[in-house]
Amino acid sequence: MSQHIVLLAGDGIGPEIVAEAEKVLTQVNEQFSLGLSWNHELLGGAAIDAHGVPLPDVTLDAARKADAILLGAVGGPKWDAIERSIRPERGLLKIRAELNLFANLRPALLYPQLAAASSLKPEIVSGLDLLIVRELTGGIYFGQPRGIRILENGERQGFNTDIYSESEIRRIAHVAFQLAQKRNKRVLSVDKANVLEVTELWKQVVTEVSAEYPDVALSHMYVDNAAMQLVRAPKQFDVIVTGNLFGDILSDQAAMLTGSIGMLPSASLDQQKKGMYEPCHGSAPDIAGQGIANPLATILSVAMMLRYSLNAPLAAEAIEAAVGRVLDQGLRTADIFSEGTTRVGTKAMGDAVVAALAG
Ligand code: NAD
Ligand code: IPM
Ligand code: MN
């Protein structure tokens with residue numbers, strides 16, 4: 001049976017970058033006779049404008065039935081003042097939770113052509129290839145109680161709860177160890193166990209799970225040190241496994257090592273390898289509508305989708321190679337521009353990837 005994808009363009013630069021990813025999808029679908037079909041649904045601010053909620057039932061139903069989902073990004077100043085429970089970001093969190101997409105893979109891989117675009121010295125980042133495995137449906141993002149309340153003295157108090165059960169830690173640890181087995185066989189678990197009980201348990205459970213993977217070396221680091229080490233000597237890392245909030249922060253930081261946040265794709269997987277694929281960056285309201293956003297993180301997310309959910313590894317490799325060839329040609333969006341290269345816009349970058357695939 002043919003496989004179906006739901007595209008969620010979202011807000012801000014979302015529609016611009018998803019349009020380029022869709023061109024790439026059309027090209028590989030024909031070139032590799034994949035027989036894929038897809039349709040668009042609304043998520044985030046776009047869904048609020050049309051239906052009053054960030055995740056309409058029709059979108060959730062379509063996402064449940066689909067073999068994979070490709071998302072641009074959601075959110076923006078237009079929706080920042082509305083009631084928190086129906087903001088665009090809540091739609092994204094809800095779809096992740098409803099589909100049980102607990103394993104968020106964020107690979108930070110430096111294309112050698114972009115060594116000059118990284119904010120770190122080329123010798124620090126050349127050859128960089130690390131994978132952040134972020135727990136995505138638990139932790140402080142979802143813990144109860146949460147809210148903003150008024151104290152007796154009239155003062156407001158904001159509160160959230162960082163909470164992980166053993167089973168949640170166990171399943172993400174297995175994902176990290178199994179991925180490490182196919183890589184350099186090293187897992188670093190990032191915690192703040194010196195202060196937070198929830199991450200003390202995290203550290204214990206990851207250590208217990210590691211006994212099932214004697215071929216993988218496990219080490220631990222506090223998150224503050226990990227943040228420092230990521231910019232000091234990022235090549236020491238192979239797989240980094242961590243909770244929802246630390247993973248969110250460390251992956252944006254790791255993105256910059258690869259030249260730009262516009263280069264980092266991601267996969268959010270359930271237990272069966274069904275997944276939602278999206279760039280790690282957001283809707284970039286500051287550059288939306290200008291045609292200058294980098295579509296490569298979204299295009300590389302299509303490659304991850306073909307590999308992890310759609311059983312088309314050759315098409316995935318072809319996309320990654322095509323991105324390499326476009327970078328070889330010297331084409332750069334503004335975020336990865338450096339002297340001696342050619343600045344192009346979003347559409348020209350997408351067209352160049354399609355041409356490189358076809359050629
Ligand atoms: P952001 O990632 O949208 O932007 C941060 C900076 O990176 C901006 O200067 C932006 O122009 C730049 N940038 C991001 N993507 C780029 C690209 N593809 N090409 C070139 N430059 C790029 O983060 P933010 O500004 O903190 O958040 C903006 C909105 O996006 C907020 O509403 C936030 O909640 C939302 N957000 C959504 C997602 C998502 O949908 N997965 C992720 C992060 C942030
Ligand atoms: C991301 C984003 C989201 C997150 C927001 C928009 C809810 O920053 O995908 O990294 O924090 O997970
Ligand atoms: Mn983020």
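**Close-up 1. Contacts of Ile86 in the predicted model.** Ile86 touches Ile48, Val53 and Pro54, leaving out residues up to four places away in sequence. The model shown here is predicted. Ile86 sits in the loop between strand 3 (68-73) and helix 4.

**Close-up 2. Arg96 and the annotated arginines.** An unreviewed UniProt entry places the feature "binding site" at Arg96, Arg106, Arg134 and Asp224. Arg96 belongs to helix 4, which covers residues 88-98. Arg96 counts as buried because 20 other C-beta atoms lie within 10 Å. Which residues does Arg96 touch, not counting those up to four places away in sequence? They are Leu101, Leu136, Thr137 and Ser268.

**Close-up 3. The annotated aspartates.** The "binding site" annotation in the unreviewed UniProt entry also covers Asp224, Asp248 and Asp252. Asp224 is found in helix 8, residues 223-232. Asp224 has 12 other C-beta atoms within 10 Å, so it is exposed. Asp252 is found in helix 9, residues 244-257. Here the surroundings hold 15 C-beta neighbours inside 10 Å, so Asp252 counts as partly exposed. Beyond four places in sequence, Asp252 touches Ile261 and Cys280.

**Close-up 4. Strand 4 and its two partners.** Strand 4 covers residues 103-109. Which strands pair with strand 4? One is strand 5 (residues 129-135), joined to strand 4 by seven bridges. Strands 4 and 5 run antiparallel. Another is strand 11 (residues 267-269), which pairs with strand 4 over three bridges, also in the antiparallel sense. Ala103 has a bridge partner on each side of this account. In strand 5 the partner of Ala103 is Glu135. In strand 11 the partner of Ala103 is Leu269. Six of the seven residues of strand 4 are buried, so the strand is largely enclosed by the rest of the structure.

**Close-up 5. The largest nonpolar core.** How many residues make up the largest nonpolar core? It has 115. Ile69, Leu70, Val302 and Ile319 have the most contacts inside this core. Helix 10 (residues 296-308) gives the most to the core, with 10 residues. The core draws at least three residues from each of domain 1 (1-102 + 267-359) and domain 2 (129-257). In soluble globular proteins, nonpolar side chains tend to be buried together.

**Close-up 6. Leu70 and its contacts.** Leu70 is one of the residues with the most contacts inside the largest nonpolar core. Which residues are in contact with Leu70, leaving aside neighbours within four places in sequence? They are Ile5, Leu7, Val18, Ala21, Tyr277, Ser301, Val302 and Met305. Val302, one of these contacts of Leu70, is also listed among the residues with the most contacts inside the core.

Notes:
Residues numbered from 1 in each chain as written. Chains lettered and ligands numbered in written order. Predicted model: local features only at pLDDT ≥ 70, side-chain atom pairs only at ≥ 80, totals over all residues. UniProt positions renumbered as here; feature names shortened; annotations may be inferred. Helix = DSSP H or I, 4+ residues; strand = E, 2+ residues; numbered from the N terminus. Contact = placed C-beta atoms within 7 Å. Pairing = 2+ DSSP bridges. Core = buried A, V, L, I, M, F, W, Y, C linked by C-beta atoms within 7 Å. Domains from an automatic or database assignment.
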